[in-house]
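Let's walk through this structure together, one piece at a time. Keep the picture at hand and look for each place as we come to it.

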Amino acid sequence: MEIEKQSKENILGYITHDVFDKFGRLLLAEGTPLTPNVVQKLEERKLGFRISAEPLGNSSAILKSASLKTGNSKQFKVPPKLDNKFVKINGESIGNAAKYMNWILRQVQEDIFLNNNLKILAQGHKANYSHSINVSLITVAIARKLKYDKPSLQEIALGSLYHDIGKILLPKSVLDDIAGVYNGQTLIYQQHTVLGSDLLAADKLPTGVYLIARQHHEKYSGNGYPSGLKGNDIHLNAAIVTVADVFDRLTSAVFKRNVLPPDEAINQILLAKGIDYHPQVVDMFVELFNRE
Ligand SMILES: [Fe+2]
């Protein structure tokens with residue numbers, strides 16, 4: 001999968017109004033430069049737009065962009081000092097995953113639509129963005145162990161970063177309900193899988209990306225949601241993200257009242273190997289850690 005880069009040349013003009021998609025997501029803020037690539041994406045979505053030949057100056061457009069925090073000031077990067085939960089992961093595996101995710105984040109920031117998703121994610125519930133980065137690091141490290149090729153690695157990296165993107169459409173109160181959220185008990189909460197998958201599919205991202213959002217709460221035994229898929233009917237990308245996701249949740253205070261130390265979280269995952277989680281994925285996950 002090639003992430004399309006937004007060319008700094010070839011600016012056709014500037015959009016004169018905010019453009020929202022059918023989900024109510026802000027796709028382009030007023031004043032955004034329009035390149036042929038952006039126009040093509042708007043046309044693919046059958047979204048009408050008006051264009052001005054000149055930048056909109058310091059009119060309300062810039063203020064609006066700033067208030068929507070869609071300006072360019074925030075650079076998304078993997079934090080230089082990783083969370084303690086990663087300490088026991090083989091240094092080379094996690095170091096390479098961090099390097100790779102920084103490369104992915106740079107690509108994402110060159111694509112106006114993918115970057116908007118990231119900004120919306122970062123502006124949403126406080127836990128979402130850091131959780132997404134943590135999950136992507138573990139996911140990439142596992143996928144590397146499973147010898148993913150270059151295009152597949154790019155898809156799983158992007159899909160893991162956006163696995164919870166559907167949460168941007170959920171009410172904050174649902175996300176604040178820690179116990180309900182952790183146990184996946186609320187039907188509204190469960191909708192983030194389908195909503196996220198629909199958002200990413202609308203962005204014309206490949207199956208290997210959007211099925212991660214849809215299937216990362218499915219369980220190997222068939223007891224997950226939203227579809228109760230079983231075993232290998234679950235996309236391998238999603239099966240990997242499931243393990244990375246649960247490890248980060250079990251070890252993060254924002255998701256769980258009784259946070260587990262990493263070793264205990266690993267043991268819990270091992271106990272559910274072949275029941276909740278894909279056995280080969282669990283094996284690769286465990287191999288990441290230098291266990292005594
Ligand atoms: Fe999720």
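Helices (H or I, at least four residues) and strands (E, at least two) are DSSP runs, numbered from the N terminus. The expected span of a helix is 1.5 Å times one less than its number of residues. What you see is a predicted model, in which local features need pLDDT of at least 70, side-chain atom pairs count only at pLDDT 80 or more, and totals for chains, interfaces and linings use all residues. Residues are numbered from 1 along each chain as its sequence is written.

Start with helix α11, residues 236-250. How far apart are the end C-alpha atoms of α11? They lie 22 Å apart, which agrees with the 21 Å that its 15 residues should span at 1.5 Å a residue. This helix is mostly covered, with 14 of its 15 residues buried (a residue is buried if 20 or more other C-beta atoms lie within 10 Å of its own, exposed if 12 or fewer, and partly exposed in between, with C-beta atoms placed from the backbone).

Now step back to the loop between α10 (207-215) and α11, where you will find P226. A cis peptide bond, with omega of about 10°, joins Y225 to P226.

Two lysines also deserve a visit. K147 sits in the loop between α5 (126-145) and α6 (150-161), and its phi is positive, about 60°, although K147 is not a glycine. Because K147 has 8 other C-beta atoms within 10 Å, it is exposed.

K204 belongs to the loop between α9 (187-202) and α10. Its phi is positive at about 65°, and K204 is not a glycine. With 13 other C-beta atoms within 10 Å, K204 is partly exposed.
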